[in-house]
Amino acid sequence: MKKQGYYSSGEFARMAQVTLRTIRYYDKHNILKPSFVTEAGARFYSDADFAKLQQILLLKRLGFSLEDIRQMTLETGGRERMLRSLELQKRLVQERIEQMQLVEKAIEDTTEALRTGDTMDWSRMLDLIHLTGMEKSLKNQYRNASNISARIHLHSCYAQNQQGWFPWIFEQCRLQPGMQILELGCGDGELWTESRERLPEEVSVVLSDISEGMLRDAMRSLAGDPRFCSQAFDCHRIPFEDDRFDLVIANHVLFYCSDLQQVCREVRRVLKPGGMFLCSTYGHQHMQEISRLVQSYDERIVLAADNLYEIFGRENGEEILGTCFSEVEWRRYEDFLNVTDAEPLISYILSCHGNQNQYLVDRYQDFHSFVKQQIGDGFHITKDAGIFLAHKNDKFTKNYENSY
């Protein structure tokens, strides 16, 4: 008997304009399971399943493998998760449109050169080859954006500090009219989009990231605001002159750098005398309850191959920054999480850079039940995060330069 508000497998396939064989394949391989199965084994799908199928088909058209898609769409439904997913898909489509427009322009230029008999610009041909092979970078960008979204969502839902991380960081910047600002590793620009109305009109902000796709996301979100410009580069080599900026910001960036001292020297170089370097990180207690939770489920799971706080964290950050800066100060962001729902916590776990998907993809429902049981009426998660404020003063700079 058909369940009210649900679609049979055949109806569902016809609605999506795919074959019934495809729907059965997705079911068998845990890519898209039906929301309701009768005792007789009849499968029925909901509108939420249809939205998830739309996401699967889009990712498939954009070149993701079915194994990639299975991991990326593993979480169960929910209005908030679906809204976040659709927003990410929209950004991915926008990025793809912009990239294909660049491909179109490169083809037009090359065709015109051939028609007119002009000397071929082989560098443009190389650009064309590069542009038509951008799927890998696009997929990486989507993964990164999806992972960042899952982490931010957990904090925004269950953080007990009502101010929020990005508004707090913005407040610590103490921005004044006329300041020149550089952000390293800006991501999608959320630091600025959340507090743009509080930003003085007479400032100049350079957003930088190693990912050109992330920069396009950030500038798209800022909607042509003339106070912002962007440039893609690796922060080990900052392409600006000495004494350029009043403030340099690195929000959760330094522990990803291969040569921290080189980055610190570059930041000190581009800061004006009296300028400030604001860099965030966390300590060894940060989110420790999540690691204990997953290891109590399966001790083989490691959510991160490296403990990033050991590279640059609360415990060693002052010593690292002290080689290049004076007056290094730590400011803690007072907060903790009280999680009451399993889905956002599982999304966070799946977004980590460890081996968790290897052990959770085929056991998702069991893991979901386990997490739900552990949460109970509330699951406390420690937050041990904050910022270092490091200053460049004239006396320290002279002593520093004399030592090199």
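1. Lys-33 and Asp-27 form a salt bridge through their side chains, with an N to O distance of 2.8 Å. Please keep in mind that the model is predicted. Asp-27 is buried, at 6% relative accessibility, whereas Lys-33 is partly exposed at 40%.

2. A second salt bridge links Asp-225 with Arg-196 (3.5 Å, N to O). Asp-225 sits in the loop between α10 and β6 and Arg-196 in the loop between α9 and β5, so this pair ties together parts 29 residues apart in sequence. Here Asp-225 is buried at 9%, and Arg-196 is partly exposed at 25%.

3. Glu-241 and Arg-244 also meet in a salt bridge, at 3.6 Å from N to O. Both partners are partly exposed: Glu-241 at 45% and Arg-244 at 23%. The whole structure has 19 salt bridges.

4. Now to the sheet. It is open and mixed, with seven strands in the order β6-β5-β4-β7-β8-β12-β9. β6 and β9 are at the edges with a single partner strand each, so one side of each has no neighbour in the sheet. On average, neighbouring strands are turned by 20° against each other, direction ignored.

5. Within the sheet, β4 and β7 run parallel and are joined by four bridges; Leu-182 has Val-248 of β7 as its bridge partner. Helix α8 packs on the sheet, touching β8, β9 and β12, and its direction makes about 15° with that of β12. Helix α10 packs on the sheet too, touching β5 and β6, at about 170° to the direction of β6.

Methods: Residues are numbered from 1 along each chain as its sequence is written. This is a predicted model: local features need pLDDT of at least 70, side-chain atom pairs count only at pLDDT 80 or more; totals for chains, interfaces and linings use all residues. Side-chain values use heavy atoms; hydrogens and water are left out. Two strands pair if DSSP finds at least two bridges between them. Helices (H or I, at least four residues) and strands (E, at least two) are DSSP runs, numbered from the N terminus. Axes are lines fitted to C-alpha atoms, for helices over the stretch in contact, and angles run from 0 to 180 degrees between N-to-C directions. Contact means heavy atoms within 4.5 Å. A salt bridge is a side-chain nitrogen of Lys or Arg within 4 Å of a carboxyl oxygen of Asp or Glu. Buried means under 20% relative accessible area, exposed over 50%, partly exposed in between (1.4 Å probe, protein chains only).
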